[in-house]
Amino acid sequence: MGFLKILLIFIFCSFPWPSIQSDLETYIVHVESPESLISTQSSLMVLESYYLSFLPKRTTRISSSGNEEPASLIYSYHNVMKGFAARLTTLQLKEMKKKPGFISAQPQEILSLQTTHTPNFLGLQQNMGLWKDSNYGKGVIIGVIDSGILPDHPSFSDVGMPSPPAKWKGVCESNFTNKCNNKLIGARSYQLANGSPIDDDGHGTHTASTAAGAFVNGANVYGNANGTAAGVAPFAHIAIYRVCNSDGCADTDILAAMDAAIDDGVDILSVSLGGSRTNPFHSNSIALGAYSATERGILVSCSAGNNGPFSGSVGNAAPWILTVGASTHDRKIKATVKLGNGEAFEGESAYKPKISNSTFFTLFDAGKNAGDEFETPYCGPGSLTDPAIKGKIVICLGGGGIAHVDKGQAVKDVGGVGMIVINQPSRGIIKAADPHVLPAMDVSYADGSKILAYMNSTLNPVATITFQGTIIGDKNAPIVASFSSRGPSEASPGILKPDIIGPGVNVLAAWPTSVDDNKNTKSTFNIISGTSMSCPHLSGVAALLKSAHPDWSPAAIKSAMMTTTDILNLANSPILDERLVHADIFAIGAGHVNPSRAHDPGLIYDTPFEDYLPYLCGLKYTNRQVGTLLQRKVNCSEVKSIPQAQLNYPSFSIFGLGSTPQTYTRTVTNVGDPTSSYKVEIVSPKGVALKVEPSKLNFSQLNQKLTYQVTFSKTTNSSNPEAVEGFLKWTSNKHSVRSPISVVLV
């Protein structure tokens with residue numbers, strides 16, 4: 001249950017990893033790369049020897065046991081950065097800082113962990129469309145950096161799978177070799193994994209099967225959501241890199257895993273993890289590793305974070321990362337509470353009773369007269385001590401750092417017969433369909449307030465909970481999840497983030513244990529939520545596109561997904577957020593992924609990798625900070641830096657438009673019909689005039705590049721800061737290529 005405690009309360013944070021009985025701490029150390037090592041492309045042994053030269057040879061620190069504690073090298077990085085991870089005392093670090101070539105050292109951080117129906121909701125159907133054209137992702141390798149995997153799960157069966165491609169250089173660790181097959185082709189573990197890729201948490205098994213799980217019939221939880229489970233790219237290969245346990249994921253391990261994945265030959269990296277949203281990219285481990293991976297042609301897909309719906313909460317926001325927010329899909333697992341006064345409220349729950357029971361029971365408010373206001377209203381384990389709870393349905397508040405399933409267990413432990421969880425106001429209408437241990441359900445804060453008002457209006461408040469099970473067809477879907485982190489990006493507000501949204505609420509996928517007490521099957525599944533769930537959906541789509549278009553770069557694949565999104569829901573209205581109001585551009589980015597349209601985008605914005613140098617210099621990083629990312633010496637005074645909005649990105653983010661007009665260029669590449677003509681359509685943000693030149697693009701061949709420029713002019717006299725949005729769209733007879741526009745007026 002450790003993972004559920006982390007995920008379902010949507011933690012997205014980082015914190016120092018404590019030393020235990022020692023002042024030795026783990027640091028990530030950045031060092032300069034001598035020209036001799038660069039020019040000779042020296043071996044890894046020579047590089048490691050160079051790193052070892054930074055470690056103090058002796059130490060005066062004596063442990064409590066009387067033994068000397070030497071500094072030790074943990075990881076020697078060669079792809080993701082020039083540097084290493086080491087265990088050091090404060091004195092050893094002080095000594096190391098004096099050595100020539102030392103740049104910086106930062107303490108290790110612990111980052112947090114962030115289906116039967118979702119492929120169908122995304123328009124993926126067997127033997128047709130993108131699944132057929134991409135051969136279900138065959139030949140593509142998805143690296144999953146997470147909490148490990150349960151290899152015996154049927155979602156990782158290799159029936160019908162080809163051998164790994166010849167480029168694959170990865171391994172299954174010696175104690176895991178007989179667990180690998182043609183589906184699961186690689187498995188590595190790192191420090192926090194305690195030497196085994198086996199998932200004892202669930203998160204990694206869930207995300208891996210979402211991205212590339214095999215077809216599994218009869219997938220369900222308590223009989224709910226019953227159907228054939230499949231990953232988005234069911235014929236893609238999986239390589240697992242276990243860097244997490246239930247306590248979190250060390251950034252030193254994450255860097256080591258990314259370092260290995262680059263050597264191993266993965267095509268996609270799926271990273272449902274997150275740390276600080278404010279750290280500049282040069283000191284952000286995931287951004288560092290992703291930069292090197294992208295440079296080698298690997299698309300890196302990351303969760304946007306679970307800190308929504310608050311502005312500026314988006315993480316993993318580097319422009320070379322695909323940053324994925326979360327939304328609902330059109331399946332609900334419905335439960336209903338009916339009160340004694342006849343009022344009824346709809347919620348969700350994955351619980352399913354063996355025998356339907358509509359008996360009314362007395363309601364009990366855990367928060368009323370609570371002895372411990374920080375635990376009891378939230379039904380924390382061991383906090384419910386009132387004997388009056390026995391035989392009653394207990395009202396618990398959502399949140400409090402306690403998973404909803406654990407709240408139900410606390411109620412059950414003291415004789416409660418049911419539970420209603422009232423969600424926090426910020427959750428809006430988003431409800432979790434949890435696999436509860438007793439009859440229980442989630443309701444919105446608004447409905448919960450009405451239930452509490454009823455309880456206060458009568459001496460004998462009663463209710464019954466009934467379970468209707470799986471309902472398909474929510475016309476409001478997709479709705480942006482309340483927890484999905486919002487832009488603008490603090491690290492680089494001139495790049496619109498998140499990039500895109502995908503299914504991340506109540507997603508059913510593989511799980512290492514049975515959550516419904518079914519001990520007679522290995523086919524175990526769970527329903528959970530988070531941007532951790534939306535990220536592997538987009539990783540899977542990227543794998544399909546890579547299989548169908550092997551020559552496309554990571555930026556091209558990202559552009560194809562971003563410029564072909566859905567911005568309308570199933571009711572053909574603008575996508576809504578958790579308040580059922582129009583979701584703004586900082587919630588949805590470019591919109592909701594549409595894999596079939598991404599397969600044939602017409603035009604792509606292919607960001608030249610060399611453009612990241614002038615972009616990073618434009619962020620006002622120092623030469624050394626830019627050099628940390630590029631792993632070479634840089635002099636920004638010799639570089640013509642560019643503003644953030646000038647990067648050849650599929651969206652526009654003008655962060656600070658005043659009285660002076662601003663002009664930016666974009667270059668598009670024709671990947672549609674060789675001879676084609678596109679006209680521009682403009683929906684200007686309120687208070688902004690847009691001028692696009694030229695207004696028509698005429699292509700005469702495939703892969704031809706044409707450039708246009710956009711001038712943004714403020715047309716309002718107001719000096720109050722205001723965020724406005726619009727879009728521009730290039731349209732031909734066959735294709736529509738849309739770029740969202742965000743402007744902050746000043």
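Is tyrosine 612 buried or exposed, and what is its relative accessible area? Tyrosine 612 has a relative accessible area of 4%, and because buried means under 20%, it counts as buried. Keep in mind that this is a predicted model.

Tyrosine 612 pairs with phenylalanine 609 in an edge-to-face arrangement, with 5.1 Å between the ring centres and 80 degrees between the planes. Both residues belong to one aromatic cluster, together with Phe281, Tyr291, Trp320 and Tyr615.

On to the aromatic pairs in general. The count comes to 23. Another of them joins tyrosine 50 and tyrosine 51; that pair is tilted, at 6.1 Å centre to centre and 40 degrees between the planes. Tyrosine 50 and tyrosine 51 are both buried.

Arginine 666 places its charged end over the ring of phenylalanine 652, at 4.1 Å from the ring centre.

In soluble globular proteins, nonpolar side chains tend to be buried together. Here the largest nonpolar core holds 62 residues, and the members touching the most others are Tyr241, Leu269, Leu273, Phe281, Trp320 and Tyr615. Helix α8, residues 251-264, gives the most to this core, with 8 residues. Phe281, Trp320 and Tyr615 have come up already, as members of the aromatic cluster.

Take leucine 269 next. Beyond its neighbours within four places in sequence, leucine 269 is in contact with residues including Gly143, Ile145, Met258, Ala261 and Leu299.

Notes. Residues are numbered from 1 along each chain as its sequence is written. This is a predicted model: local features need pLDDT of at least 70, side-chain atom pairs count only at pLDDT 80 or more; totals for chains, interfaces and linings use all residues. Side-chain values use heavy atoms; hydrogens and water are left out. Rings of Phe, Tyr and Trp (its six-membered ring) pair if their centres lie within 6.5 Å; planes under 30 degrees apart count as stacked, over 60 as edge-to-face and the rest as tilted. Buried means under 20% relative accessible area, exposed over 50%, partly exposed in between (1.4 Å probe, protein chains only). A charge sits over a ring if NZ of Lys or CZ of Arg is within 6 Å of the ring centre and within 35 degrees of the ring normal. A nonpolar core is a set of buried Ala, Val, Leu, Ile, Met, Phe, Trp, Tyr and Cys residues joined through side-chain atoms within 4.5 Å. Helices (H or I, at least four residues) and strands (E, at least two) are DSSP runs, numbered from the N terminus. Contact means heavy atoms within 4.5 Å.
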